[in-house]
Number of protein chains: 2
Amino acid sequence: MSKSLIELTPVETVACCSPLTKEPLSHDQAERIAPLVKALADPVRLRLLSIVASHADGEACVCDLNDAFDLSQPTISHHLKVLHEVGLLDREKRGVWVYYRLNAGALRDFGALLGGVVG
Amino acid sequence: MSKSLIELTPVETVACCSPLTKEPLSHDQAERIAPLVKALADPVRLRLLSIVASHADGEACVCDLNDAFDLSQPTISHHLKVLHEVGLLDREKRGVWVYYRLNAGALRDFGALLGGVVG
DNA sequence: TGATTACATCGATAATTGTCTATGTCCGAT
DNA sequence: ATCGGACATAGACAATTATCGATGTAATCA
C-alpha cells in the first residue's frame, strides 16, 4: 500500500507531476512544489547540497559542513534541516556525528520537472 | 564577442555551470544561481510559468494571466517582472497588450543543473 | 482632444526568513 | 557520575517579500 498524500515529502510529490511546460500547474500542485523549490532557493543551501553530493562516499558530517562556511553552527543546522524536511537530504546519526546524504532521485525528479526531461 | 559576465542574466550564468552534484559550488556561483531558483520558488510564479509555457503559440498576454488568479493585477505584474528579470520569461508589447513567452533554453539549463542531465 | 483600456510603478503593510546567541540533548570518554 | 564535544532547538531581531490600493503611462478609439 502506498503512502497517503499527507505523508509525502515535497520531492515525492514532484515525482508524479508533468513537466512544467506541458500543462498548467493546478493551484494545489503549485502549492506543494513551491516548498521544494524554496528549499533550494538560498545560496548557502545550494552550496550545502553540492558539497554533500560531491563529497567522498556521497555523505558529509555536519562538522565538515560547518567548516566550509563563515556562519554559526546553528545557522548551518537550520539550513540542513530545511533541506532534510523537503526530502532532498537524508540524515543518519552514527555515534556523535550526524551524516547527511543526497537523495539523488529527488533532485533528478526535480530537474526533470523543470527541464521536461523524462527519466 | 560574448557578453561580459556583468551583463548575463542568472539563467545565462547557470548554463555554464556543472551540475550541482558533480563538484561543490563556489560561493560566487551559488550567489548567482540562487536568484534564479528564488524566482521559481513561489506557487504563483510556478503557475504563471507553466501557463505561459503551455499556452497556445507559446505565449500569453497579461490579461489572460490575470484571469487565472484571484490576485490583483499589480501582484501578477510583480511576479511576471520577477520571472522576466531572471530571464525565464521574455516579453513583447504588441499594441495595448503585453505578451510573455517562455525562454525554453533557460528552463532546460536550469533543470540540467539540478538533475545532472547533460543537454 | 478626451476617454478608455492594458499594464507598470509606487508606497505601505503584514508575513516570512536568514542569522545570531543562549541553551538543550545525546553520546563517548575519563 | 561527570565532563566535553557534536549537533539541535528556542527565542530574538533585521532584512526580504507577497500583497494590496492608488497612481502613472502608453496606446487605441470616438
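Me: What makes the pair between His79(A) and a phosphate oxygen of DNA strand C a polar contact?
Reply: This is a predicted model, and the distance decides. A polar side-chain atom of His79(A) lies 2.3 Å from that phosphate oxygen.

Me: Why does the pair between Val62(B) and DNA strand C count as a polar contact?
Reply: A polar backbone atom of Val62(B) is 3.5 Å from a phosphate oxygen of DNA strand C. Pairs within 3.5 Å count, so this one is included.

Me: Which part of DNA strand C does the side chain of Gln73(B) meet?
Reply: A base nitrogen. A polar side-chain atom of Gln73(B) lies 2.8 Å from it.

Me: Which elements give two or more residues to the surface near DNA strand C?
Reply: From chain A, helix 5 (73-85) does. From chain B, helix 4 (62-67), helix 5 (73-85) and strand 3 (97-102) do.

Me: How many residues surround DNA strand C, and which are the closest?
Reply: There are 24. The closest are Thr75(A), His79(A), Gln73(B), Ser77(B) and Tyr100(B). By class, 11 of the surrounding residues are nonpolar, seven polar and six charged.

Me: What part of DNA strand C do the atoms within 4 Å of the protein belong to?
Reply: Sugar or phosphate for 76% of them, and bases for the rest.

Me: What surrounds DNA strand D?
Reply: 23 residues, the closest being Gln73(A), Ser77(A), Tyr100(A), Thr75(B) and His79(B). Of the atoms of DNA strand D within 4 Å of the protein, 77% are sugar and phosphate. The classes here are 11 nonpolar, seven polar and five charged.

Me: Which elements give two or more residues to the surface near DNA strand D?
Reply: Helix 4 (62-67), helix 5 and strand 3 (97-102) of chain A, together with helix 5 of chain B.

Me: How are helix 3 and helix 5 of chain A oriented to each other, and why?
Reply: Their axes are 10 Å apart, at an angle of about 75°. Angles of 65 to 115 degrees count as roughly perpendicular, so that is the name for this pair. Val44(A), Arg45(A), Leu48(A) and Leu49(A) in helix 3 meet Ile76(A), His79(A), Leu80(A), Val82(A) and Leu83(A) in helix 5. That contact has seven nonpolar, one polar and one charged residues.

Me: Why are helix 3 and helix 5 of chain B called roughly perpendicular?
Reply: Their axes cross at roughly 75° and come within 10 Å. The angle falls in the range of 65 to 115 degrees, so the label applies. In the contact, helix 5 of chain B includes His78(B) and His79(B). The classes are seven nonpolar, two polar and one charged.

Me: Where in chain A is confidence lowest, and where highest?
Reply: Helix 1 (residues 10-14) is lowest, with a mean of 61, and helix 5 is highest, at 98. Chain A averages a pLDDT of 86, and 81% of its residues score at least 70.

Me: Why should residues 1-6 of chain A not be read in detail?
Reply: Their pLDDT stays under 50. Where pLDDT is low, predicted coordinates should not be read in detail. The model has three contacts beyond four places in sequence for residues 1-6 of chain A.

Technical notes: Residues are numbered from 1 along each chain as its sequence is written. Chains are lettered from A and ligands numbered from 1 in the order in which they are written. This is a predicted model: local features need pLDDT of at least 70, side-chain atom pairs count only at pLDDT 80 or more; totals for chains, interfaces and linings use all residues. Side-chain values use heavy atoms; hydrogens and water are left out. A residue is near a molecule or strand if one of its heavy atoms lies within 4 Å of it. A polar contact is a pair of N or O atoms within 3.5 Å; within protein, one must be able to donate a hydrogen and the other to accept it, and residues adjacent in sequence count only if both atoms are side-chain atoms. Helices (H or I, at least four residues) and strands (E, at least two) are DSSP runs, numbered from the N terminus. Ala, Val, Leu, Ile, Met, Phe, Trp, Tyr, Cys and Pro count as nonpolar, Asp, Glu, Lys and Arg as charged, and the others, Gly among them, as polar. Axes are lines fitted to C-alpha atoms, for helices over the stretch in contact, and angles run from 0 to 180 degrees between N-to-C directions. Angles under 35 degrees count as roughly parallel, over 145 as roughly antiparallel, 65 to 115 as roughly perpendicular and the rest as oblique. Contact means heavy atoms within 4.5 Å. pLDDT is the predictor's confidence in each residue, from 0 to 100.
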